[in-house]
Amino acid sequence: MDELLRNQIFVIHTIAAAGSVTLGTALTYPFDTVKVIVQVGSGAGKPLTANQALDRVRYLSGYSGLYSGFSWLALGRIFGFGARFGTYEIMTAYFKDGREYNYLSLSEALRAGMVAGVAESVISSPFELMKLREQVTSASRVPNYSSVRKKRVVAPLIEKLLHGYTPDKKALNYSVDLLSTLTNKHSNMTGALEAYPWMMTGSGTPPSVCNVRRLPDIISLEGWRSLWRGLRPGIVRDSVYGGIFFTTWQFLHQAMADWKAIGMNPVPSIYEDISLSPLAVSLAAGLSGSVAGAASHCFDTAKCRSLCTVLPKFVSLERKLLKWKRPGTRFERFTGIHPADRKVLFNGIGLRMARCGIASFVVVGSYFLTVNSLVAKGNRLA
């Protein structure tokens, strides 16, 4: 009987957690789409506003474009949130072990949150890559080459690297014209250039993310390791976010408990004897999410811009053989920030604060409501 009850409680909490995370993601996903377009589309001298990004998505993809890639993020959030809160509970249990009271200091909450953020980043990185490329595609003009592909012959190597992709003929002719001034003895220079993978677009540049957004195309062109591209700024972002989120939440929880304990008679000796309303806990989580989102936003921008770069695996191999070093200062190399992104790191910070705050409020609030309703319904049936 006890084992059945434990299994029932586990199922209730699992359903509540998955449902609350999906609901919070669905309500705030348009904020995330606009934020990503602002971060990726902004330049050093040409910042992109939220209204411009929203108008572009509506014009090219309609309102449904605001939810492009939603399934990828929802799935990644379910696993990511589970890893974050599961790791945090394990770490806090380790810190509280052997203590008479289950008290957790702010420094311990910070360390536990940072470790939890690392676990979340590693698990959710592949889902975030797929999500971001779908979002960028919703705000980009994707030419339709379906009628051209039937008439044009593509080099076998290019077809293998990126199935269904058609090179830009104008760019290829331009490259051939530039090389035509040199002395050559090759009878078919165009065909020879098409055989090289770095000329698959005709200009020597990698294809657009709009053409490399499907999972088989990403693996074929960029390799399996590309699913964890931007892991360095992602780990820094999520560790900073997790540490500040749980520290702020713990601080607000203790402050609200101390405030409520003043009017209680007798005054409770431990925090477990003080019960806070779900609304108060949800508001504290929302405020903590906004603060943590603002603190980690620059690393989020670096992560998004790195995911928006197509890096073929043969280029990665060349960098490895040439012992290519990351540009920038020591801090930028450590955190994965590119020097060219210095002036756009804080673009869209308001959108991320709103998304993180609302999502945290909805996730925590809906989780408590769902658990309470399911437990009450189970008690009535019992």
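## Contacts and model

Two residues are in contact when heavy atoms lie within 4.5 Å. The model described here is predicted. Its pLDDT averages 83, and 76% of the residues score at least 70.

One stretch calls for caution. Over residues 145-151, pLDDT stays under 50. The model has three contacts beyond four places in sequence for residues 145-151. Where pLDDT is low, the predicted coordinates should not be read in detail.

## Overall fold

The protein has 15 helices and zero strands. It contains 382 residues, and 43% of them count as buried.

Among contacts with a separation of 6 or more, 81% join residues 24 or more positions apart.

## The largest nonpolar core

The largest nonpolar core has 21 residues. Tyr-88, Phe-245 and Trp-249 touch the most other members. Five helices each supply at least two residues of this core: H3, H4 (106-138), H10, H11 (278-295) and H15 (349-381). H10 gives the largest share, seven residues.

Leaving aside residues up to four places away, Tyr-88 touches Leu-104, Ala-109, Ala-112, Gly-113, Ala-116, Phe-246 and Gln-250.

Helix H3 covers residues 70-96. Its 27 residues should span 39 Å at 1.5 Å a residue, and the end C-alpha atoms are 38 Å apart, so the two values agree. The buried residues of H3 are Leu-73, Ala-74, Gly-76, Arg-77, Gly-80, Phe-81, Ala-83, Arg-84, Thr-87, Tyr-88, Thr-92 and Phe-95. Two arginines, Arg-77 and Arg-84, are on that list. After H3 comes Gly-98, with a positive phi near 90 degrees.

Thr-25 lies in helix H1, residues 2-41. Its relative accessible area is 7%, so it counts as buried. Beyond four places in sequence, Thr-25 touches Phe-70, Leu-73, Ala-74 and Arg-77. Leu-73, Ala-74 and Arg-77 are themselves buried residues of H3.

## Around helix H10

Helix H10 runs over residues 231-262 and holds Thr-248. Is Thr-248 buried or exposed? Its relative accessible area is 18%, below the 20% cut-off, so Thr-248 is buried. Not counting residues up to four places away, Thr-248 touches Ser-288 and Val-291. Thr-248 and Leu-110 are 138 residues apart along the chain, yet their C-alpha atoms are separated by 8.8 Å.

The loop between H10 and H11 contains Leu-276. Leu-276 folds back toward His-253 in contact terms: Leu-276 touches His-253, Met-256, Ala-257, Lys-260 and Val-281, with residues up to four places away left out. Leu-276 and His-253 are 23 residues apart in sequence, and their C-alpha atoms are 8.5 Å apart.

Helix H9 spans residues 215-222. Its buried residues are Asp-217, Ile-218, Ile-219, Leu-221 and Glu-222. Two acidic residues, Asp-217 and Glu-222, are among them. Gly-223 follows H9, and its phi is positive, near 90 degrees.

Lys-323 also has a positive phi, near 55 degrees, although Lys-323 is not a glycine. Lys-323 sits in the loop between H13 (313-321) and H14 (330-335). With a relative accessible area of 70%, Lys-323 is exposed.

## Cysteines

How many disulfides does the model have? A disulfide would need two cysteine sulfur atoms within 2.5 Å, and the count comes to zero. Cys-304 is in no disulfide. The nearest cysteine sulfur belongs to Cys-308 and is 8.9 Å away.

Cys-304 has 0% relative accessibility and therefore counts as buried.

Notes:
Residues are numbered from 1 along each chain as its sequence is written. This is a predicted model: local features need pLDDT of at least 70, side-chain atom pairs count only at pLDDT 80 or more; totals for chains, interfaces and linings use all residues. Side-chain values use heavy atoms; hydrogens and water are left out. Buried means under 20% relative accessible area, exposed over 50%, partly exposed in between (1.4 Å probe, protein chains only). Helices (H or I, at least four residues) and strands (E, at least two) are DSSP runs, numbered from the N terminus. The expected span of a helix is 1.5 Å times one less than its number of residues. pLDDT is the predictor's confidence in each residue, from 0 to 100. A nonpolar core is a set of buried Ala, Val, Leu, Ile, Met, Phe, Trp, Tyr and Cys residues joined through side-chain atoms within 4.5 Å.
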